[in-house]
Amino acid sequence: MEALIEVKGVSKAYANYATGRELVVLRDIDLQVRPNEFVCLLGPSGCGKTTLLKILDAMITPDRGEVLLGGRPLIERLADIGFVFQDVGLLAWRTVLGNVALGLEARGMPRRQRETVALEYIKLVGLEGFAHYYPHQLSGGMQQRVGLARALAISPKVLLMDEPFGAVDAMTRQTLQVELARIWEQSRATVVFVTHDVDEAIFLADRIVVMGRAQATRSVNVALPRPRWNRDAQSDPEYVALRVNLIRMLNTAHAAAAATVAHAAAAATVAHAAAAATVAQTAKGGE
Ligand SMILES: Nc1ncnc2c1ncn2[C@@H]1O[C@H](COP(=O)(O)OP(=O)(O)O)[C@@H](O)[C@H]1O
Ligand SMILES: [Mg+2]
């Protein structure tokens, strides 16, 4: 099947003030996501997952390469993308209903209609009865549900999620994962979900892309049948084998990242010593 999202040769570097050099975060990344696919980007902290996701939402422009959505430049298709951040970013002065309706309001949908739609999604994420609550009256898990409802309300073709359950407790996280899998099976949106949690990736994904420093290293298919919450998936030999394999891949990615950091630190030390020598010399010259 033809890809919905195509990432072609994307590279991105940031200026690194500590070393005075550029930090290459993404190098020549190619990634294709099929319609209705659920892809997890899995990788250690700092490997560039958020950067890649923000490039997929055109919040960050890559230095090289391009992203196509349905064969069109990303910038023409932004209305088709929903985004859920780790930090939900709800508007404190708006109720749940007001927050969920935000994207619809921005699209010019009349009030009655957008409230009807928003209420549907509030129900879908299990927050029926909380429409008139304010964010500070909700738990972290409930706020995440509001963020999800807000993103889903615009019926996005593509849903981008950046460690959305990273800040909630383990039990709530599990509930939210089950809910997300259920909602995704209903909506069949195309999802790119960032996580550093191996089990979360295996539970949710059709395919897991393991990212290491600067490169998306390998992509692994998850063939476990759905729905996965009905069965004792974690004792499935296939699950166990996949988990071991992923952890090995992550460790390799992590070791590579650590080596790069050590290298950068060494370079900084050398630069520092050189600078000190220059200062010393200047001081001497001034005598
Ligand atoms: N705006 C920025 N300016 C400079 N460096 C950045 C910026 N954003 C991210 N970085 C650096 O790029 C690397 C990758 O960051 P990020 O994409 O957030 O990784 P991840 O989401 O995998 O943890 C990190 O080393 C981070 O410090
Ligand atoms: Mg991140």
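**Exercise 1.** Which residue is the bridge partner of Asp-162 in strand 8? Then work out how strand 8 sits between its neighbours.

*Solution.* Step 1: look across from Asp-162 and you land on Val-194 in strand 8. (Strands here are DSSP E runs of at least two residues and helices are H or I runs of at least four, numbered from the N terminus.) This is a predicted model, where local features need pLDDT of at least 70, side-chain atom pairs count only at pLDDT 80 or more, and totals for chains, interfaces and linings use all residues. Residues are numbered from 1 along each chain as its sequence is written.

Step 1: strand 7 (residues 158-162) pairs with strand 8 in the parallel sense, over five bridges; pairing takes at least two DSSP bridges.

Step 2: strand 3 (residues 38-42) also runs parallel to strand 8, again with five bridges, and Val-39 faces Val-192.

**Exercise 2.** Is strand 8 (residues 190-195) mostly covered or uncovered?

*Solution.* Step 1: count neighbours; buried means 20 or more other C-beta atoms within 10 Å of a residue's own, with C-beta atoms placed from the backbone.

Step 1: six of its six residues pass, so strand 8 is mostly covered.

Step 2: check both faces. Thr-190, Val-192 and Val-194 point one way, while Val-191, Phe-193 and Thr-195 point the other, all buried.

Terms used
Chains are lettered from A and ligands numbered from 1 in the order in which they are written. A residue is buried if 20 or more other C-beta atoms lie within 10 Å of its own, exposed if 12 or fewer, and partly exposed in between; C-beta atoms are placed from the backbone.
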